Amino acid sequence: MSMKDIIKGKAYVLGNDIDTDQIIPAQHLVYSLSHPEERKMYGRYALSSVPEVQAGLPKGGIKFVEGGEDRSEYDIIIAGKNFGCGSSREHAPVALNIAGVEAVVAESYARIFYRNVVDGGFFIPFETDEHLCREIKTGDVIEIDVKKGLVKNLTMGKQYKLQPLGDVEAILRAGDIFAYARQEGMLRR
Amino acid sequence: MGMTLTEKILARHANKKSVSPGDNLWVDVDVLMTHDVCGPGTIEIFRREFGPNARVWDREKVVIIPDHYIFTTDVYARRNIDILREFALEQGIRYFYDVGSPEYKGVCHVALAEEGHTRPGEVLFGTDSHTCTAGAFGEFATGIGNTDAGFIMGTGRLWVKVPPTMRFVFDGEMPSYLMAKDLILHIIGDMGVDGATYKAMEFTGEGISMLSVEEHMTLCNMAIEAGGKNGIIAPDDKTLAFVRQRTNRAFEVVYGDHDAGYESVKVYHLKEMEPVVAKPHSPDNKALVREVKGTRIDRCYIGSCTGGKMEDFKAAARIFRRNSVKVETYVVPATTEVERRLREETMDGETLYSIFEKAGAKISDGASCAACLGGPADTFGRLSGSEVCISTTNRNFPGRMGSKQSQVYLASPLTVAASAVRGVITDPREFV
């Protein structure tokens with residue numbers, strides 16, 4: 001994967017402490033991640049355990065993936081603090097990836113989830129000091145300028161600063177931890 | 001300045017004289033653990049990256065413990081166990097605790113300790129967030145995803161960013177009505193579920209030295225519920241005795257330096273502390289038990305890595321031996337060893353198993369993670385509607401135990417047993 005300079009799409013907005021059980025409930029962790037058809041089930045059930053009132057802020061009650069579908073119409077997730085807390089299940093970032101998520105912009109991440117996103121290269125996990133889940137509404141069109149470190153709400157005509165990706169940028173740019181390790185000469189092939 | 005216990009272990013495994021919080025290191029791994037939920041995905045990534053004929057870096061260091069979805073008719077779940085079995089055979093994995101065999105163990109974090117895979121001074125990674133449990137043995141232990149685990153399988157190494165250490169000191173003697181679960185729920189309630197994000201949580205003090213090895217495991221188990229990278233306790237004599245009883249492998253005990261730098265130090269006075277619960281739907285939603293006593297419940301659950309060990313059942317039996325349950329109470333031993341000991345160990349001349357049976361609890365036929373994380377629809381004790389449950393498990397996120405409409409309170413085995421007997425949330429001090 002080469003990192004895009006511009007990521008543009010519709011926003012799906014969530015609050016604080018979205019845990020991995022909400023992202024992909026444990027009963028679904030049985031499907032094969034390598035089987036092309038079974039894999040789609042992770043997209044179908046992505047974010048399916050988020051409580052109704054918090055699903056798609058500010059109003060809530062918005063499905064991330066329509067019933068029977070495995071792709072979401074939303075490309076960018078906006079969230080509050082501690083996104084991805086809880087279990088180490090990599091199925092969580094994978095489910096978001098299969099549903100079509102290209103980037104998440106959160107105030108902070110739980111660490112195992114963050115590592116999984118970076119080392120697996122599933123999408124770009126941006127951080128911001130802004131309380132974007134109160135500024136952006138589900139359905140707003142968002143543009144992330146990766147080089148400039150800006151997130152723009154095209155619907156509202158506002159823009160906000162992102163934090164630098166920091167240490168992990170090299171892994172994200174390489175594609176995943178394997179590509180990074182090969183690039184650094186740690187893996188031979 | 002010296003190093004903390006966590007920093008010292010990481011430095012040794014990166015062949016460095018000293019490290020500081022924030023340093024990125026490549027560390028050598030002593031043990032990689034995986035289970036039936038994340039093992040198949042890990043194996044897939046390992047084969048994709050290292051080739052179909054690749055061999056794991058060390059067949060004695062990859063430990064495979066199926067434990068999540070064991071007693072189910074779900075075909076996908078059963079297939080995942082077949083994948084583990086085939087891989088273990090192909091690779092000659094020495095420590096594979098197969099379902100349906102005499103080697104079957106149950107919950108991986110407890111099984112790792114029982115089988116001697118948790119050793120002081122070592123580095124343990126596992127594809128499960130509660131891998132931090134093993135910090136109770138004075139080692140660096142943390143949870144990772146499939147990609148990182150696949151990387152370790154092929155290389156025996158992983159990058160780690162050195163976490164700063166937060167120190168928690170428990171002063172005074174441990175009162176009989178408190179358990180490790182109360183202490184850790186206090187800490188999480190005080191800091192929030194992200195209060196220790198990417199930090200090491202080190203537990204120490206007189207109160208900690210009074211606690212058993214299993215109670216140490218409970219404390220470290222829930223470091224992740226505060227966002228911690230790892231939980232850790234310097235090994236004491238009983239911990240070393242426990243480890244030596246269960247492994248012949250040599251290990252080197254590591255202690256933190258006296259002049260180590262801690263990011264923070266927080267002192268708790270045990271005599272001022274009370275039994276607590278975490279209310280729905282977050283482990284940091286703390287309340288004193290007396291503040292919520294009388295809350296109606298439909299179900300009690302005693303089990304999991306954090307609440308299904310012998311000490312947990314002994315605590316519950318203290319209350320159940322003279323009292324019957326008023327609400328459905330599910331008992332799930334974490335491992336086959338715990339299951340066996342429930343039938344062997346006695347209290348006032350009666351086995352714990354018989355005490356639970358006579359009290360009216362439903363006892364699982366098999367050891368596993370069971371309903372702690374919901375799981376397939378036919379999982380023992382799983383919530384399926386709008387039940388209110390009080391549980392010895394470690395997470396009460398929305399839907400965690402199987403139903404989005406349910407409400408879960410987390411508490412110590414003493415508090416859960418007391419509540420089972422009254423049918424409402426009850427302070428264990430009414431019994432002990």
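This is a predicted model: local features need pLDDT of at least 70, side-chain atom pairs count only at pLDDT 80 or more; totals for chains, interfaces and linings use all residues.
Me: How do you know that domain 1 of chain B is in contact with domain 2 of chain B?
Reply: Contact needs heavy atoms within 4.5 Å, and 40 residues of domain 1 of chain B meet that with 42 residues of domain 2 of chain B.

Me: What area do the two domains of chain B bury between them?
Reply: About 3300 Å², with 58% of it on carbon and sulfur atoms. That figure is summed over both parts.

Me: Why is B:Arg395 with B:Glu225 called a salt bridge?
Reply: The cut-off is 4 Å between a side-chain nitrogen of Lys or Arg and a carboxyl oxygen of Asp or Glu. The closest N and O atoms of B:Arg395 and B:Glu225 are 2.5 Å apart, so the pair qualifies. Between the two domains of chain B, the count is four salt bridges.

Me: Which helices of chain B supply at least two residues each to the side of domain 1 that touches domain 2?
Reply: H4 (108–114), H6 (180–191) and H8 (213–221). H6(B) gives the most, with seven residues.

Me: What makes up that side of domain 1 of chain B, by residue class?
Reply: It divides into 15 nonpolar, 14 polar and 11 charged residues.

Notes
Residues are numbered from 1 along each chain as its sequence is written. Chains are lettered from A and ligands numbered from 1 in the order in which they are written. Side-chain values use heavy atoms; hydrogens and water are left out. Buried area is the accessible area (1.4 Å probe) that two parts lose on being put together, summed over both. Helices (H or I, at least four residues) and strands (E, at least two) are DSSP runs, numbered from the N terminus. Ala, Val, Leu, Ile, Met, Phe, Trp, Tyr, Cys and Pro count as nonpolar, Asp, Glu, Lys and Arg as charged, and the others, Gly among them, as polar.
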